[in-house]
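Take a look at the chain below. This short report walks through its sheet, its helix and a few side chains.

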Amino acid sequence: MNDEAELPAGMPVGRVIAMPADTNPEGDIFGGWLLAHMDLSGATPAFERAQGRCVTIALDGMVFHKPVSVGDEVSIYAEIVSTGRSSIRVRVEAWKRPRNQAHARSERVTEGVFTYVAIGDDLRPRPLPDLSV
């Protein structure tokens, strides 16, 4: 388990195993593969808040702290950090641990803030629903 000083922020929204097909020529997992999983997982709280369809419009300052290896279990956590009229900013963290070690510590791999915008059937931005009702 993680020590108390270093725990994921947000709710668990995704888990995936890194596979050989997801590697670059050096054998590390592609950053784009991880980014795609983070974007999909980060959309979960955005879709719930928007009560409908959203699109990704931005990603702020993503930094890769550690590589992901084939066989690693990657867990993704997300939390809404702010909302606007139609936008939702979601902090997304990716953590990894070796699957073959039952008590292995999870390590943060990367994090970023994704911005999603709620859209209507016309594919144009729409206001977020009022939650105070």
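This is a predicted model: local features need pLDDT of at least 70, side-chain atom pairs count only at pLDDT 80 or more; totals for chains, interfaces and linings use all residues.

Over how many bridges do strand E3 and strand E4 pair? They pair over 11 bridges, in the antiparallel sense.

Residues are numbered from 1 along each chain as its sequence is written, and side-chain values use heavy atoms, with hydrogens and water left out.

**The sheet and the helix**

Five strands form an open, antiparallel sheet in the order E1-E3-E4-E5-E2. E1 and E2 are the edge strands, and each pairs on one side only. Two strands pair if DSSP finds at least two bridges between them. Strands (E, at least two residues) and helices (H or I, at least four) are DSSP runs, numbered from the N terminus.

| Strand | Residues |
|---|---|
| E1 | 11–17 |
| E2 | 54–64 |
| E3 | 72–83 |
| E4 | 87–98 |
| E5 | 107–118 |

Helix H1 (residues 31–50) lies across E1, E2, E3, E4 and E5.

**Val13**

Val13 sits in strand E1. Val13 counts as buried because its relative accessibility is 19%; buried means under 20% relative accessible area, exposed over 50%, partly exposed in between (1.4 Å probe, protein chains only). Beyond its neighbours within four places in sequence, Val13 has contacts (heavy atoms within 4.5 Å) that include Ser41, Thr44 and Ala78. Val13 and Ala78 are 65 residues apart along the chain, yet their C-alpha atoms are separated by 6.5 Å.

Definitions and conventions. Axes are lines fitted to C-alpha atoms, for helices over the stretch in contact, and angles run from 0 to 180 degrees between N-to-C directions.
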